[in-house]
Amino acid sequence: MLPPIPVLADYGISPEHGFLPPTTPLQALPNPYYAKWESIVSNLQALLLSRRLRSTIDSLPVLSTSYLRTDAEWRRAYVVLIFMLHGYIWGGDIPAERIPPPISIPLLKVCDYLEVPPVATYAGLCLWNYRPICSDEPVDKLENLACINTFTGSLDEQWFYLVSVAIEARGAPTLPLMLKAIAAARIDNSRIVTECLQEFAERLDEISSLLQRMYEHCDPHVFYHRIRPFLAGSKNMGDAGLPHGVIYDDGSGKQEYRQYGGGSNAQSSIIQFFDIVLGIEHRPTGVTRDDDPSLNDADGVAPKPRHNFIQEMREYMPGPHRRFLEHVASVANIREYVQARVSDKALCIAYDACLAMLRELRDKHIQMVSRYIIIKSRESRSSRSVSPQAARSAVNLANVKHTDGGMNKRKLRGTGGTALIPFLKQARDETGEPAIDAWARRLLSNGPGDAKFAALGKVDEHADGQLEVVGMAGTWAMDDSEGGICHW
């Protein structure tokens, strides 16, 4: 018997808002008991500028979570605490590795309730951190969105988060749409499946256009040097000043170091949903199709390799969203349905169009990573300022230290603690692999990307599967389990 198709409401997901909360996020906790928290985040930029944030948080009482009543209040508490957390860690000359009880104790309880790790995640930075300017206008309209909290107070940071919010809202209708397609495939209704795929391709094209709007108001220099350091987590951040991770001091005296990836768009459930419903499979970075044992016809072959990073990113999603994706994966049938009907040209063209639109989205994302991170990193490492201010620059993700002058094989890492370009490139190429038409498969798997920005040609793929990037900043290699779809 086939498993039932997911019901969105069972996972707190709205057909209108998708993975965004069903009600507009709270701009402040209503109970005055939490006024001290709200006062800190509302004055976060001033406290960071005056170097008073850490002392202010250290002097706070440990507030109880027992006065949080609704899910919206729990989400707001999480947003407040993660902004306090990352401001505390990265808001000084050197990172703080011990998180004091006024943050640690309530944050750990809030995260247990929401089923998220105690670190800034995509959910806290984007999904639960926006407000519509006009309540009667749609939330997929960027001009109608504003952020509730930021680290820097800049328009650039707001825009960075809000583009993601608009993408989530624009992608929301694809959830019921593709569940409808899965149901139609079960009863062999090719017409409905084709229509759903056609609409899905159009929606993916709109999302790709929204992504391009990042350039309008988010300056690469501001992002790389001002915003990105605050988004970093504690995993693989030795070069940024956290070699062991962080300690959440809960007062027990038995704490150990923990390591978490930071806020990353790779934690967006909508992107993984796109892959799941289209049957796109991502292998560990550096593993080619020829290395995939699932393509071997022999009996008793090893199971298909799973990409550890993609699975890991689900742990940073809210629990209900994570379970929804697992449920969808258990019922996804579109790829197999189309592959069994290669004579149905309209169906095959519609499916291949979806792959083409999603591949184009990933192409644009690689260009964006290039402009906002790769190029800025090369500029940062090649410049040698002699000003007194440069001598006391803070230790963070934008100012990593290299003992050999920067020409070693250290990996350029995203805020989640992972290397960047090789995974992105492979994920893009894998998007075209399920294409039905031979010509479409050739174009989508091997077609050239737009080379207007970073040099994808600088990515060398060796015979042994090892990938590395060579550039002005030096050469860095790629571990099999590292990378990220959306490390902006």
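**Exercise 1.** Leaving aside its neighbours within four places in sequence, which residues is Ile334 in contact with?

*Solution.* First, the ground rules. This is a predicted model, where local features need pLDDT of at least 70, side-chain atom pairs count only at pLDDT 80 or more, and totals for chains, interfaces and linings use all residues. Residues are numbered from 1 along each chain as its sequence is written, and side-chain values use heavy atoms, with hydrogens and water left out.

Contact means heavy atoms within 4.5 Å. With those sequence neighbours set aside, Ile334 touches Met178, Ala181, Ile182, Ala185, Val193, Leu197, Val277 and Tyr351.

A nonpolar core is a set of buried Ala, Val, Leu, Ile, Met, Phe, Trp, Tyr and Cys residues joined through side-chain atoms within 4.5 Å. Buried means under 20% relative accessible area, exposed over 50%, partly exposed in between (1.4 Å probe, protein chains only). The largest such core has 135 residues, and Ile334 is among those with the most contacts inside it. Helix α16 (residues 345-382) gives the most to this core, with 14 residues. Helices here are DSSP runs (H or I, at least four residues), as are strands (E, at least two), numbered from the N terminus.

**Exercise 2.** Compare the accessibility of Lys376 and Glu379.

*Solution.* Both residues lie in α16, three residues apart, about one turn of the helix. Lys376 is buried, at 11% relative accessible area. Glu379 is partly exposed, at 39%.

**Exercise 3.** Which side chains make polar contacts with the side chain of Glu157?

*Solution.* Glu157 sits in helix α7 (residues 155-171). Glu157 is buried yet has no salt bridge. Its side chain makes a polar contact with that of Thr152 (2.6 Å), and another with that of Tyr161 (2.6 Å). A polar contact is a pair of N or O atoms within 3.5 Å; within protein, one must be able to donate a hydrogen and the other to accept it, and residues adjacent in sequence count only if both atoms are side-chain atoms.

Definitions and conventions:
Lys, Arg positive; Asp, Glu negative; His and termini not counted. Salt bridge = Lys/Arg side-chain N within 4 Å of Asp/Glu carboxyl O.
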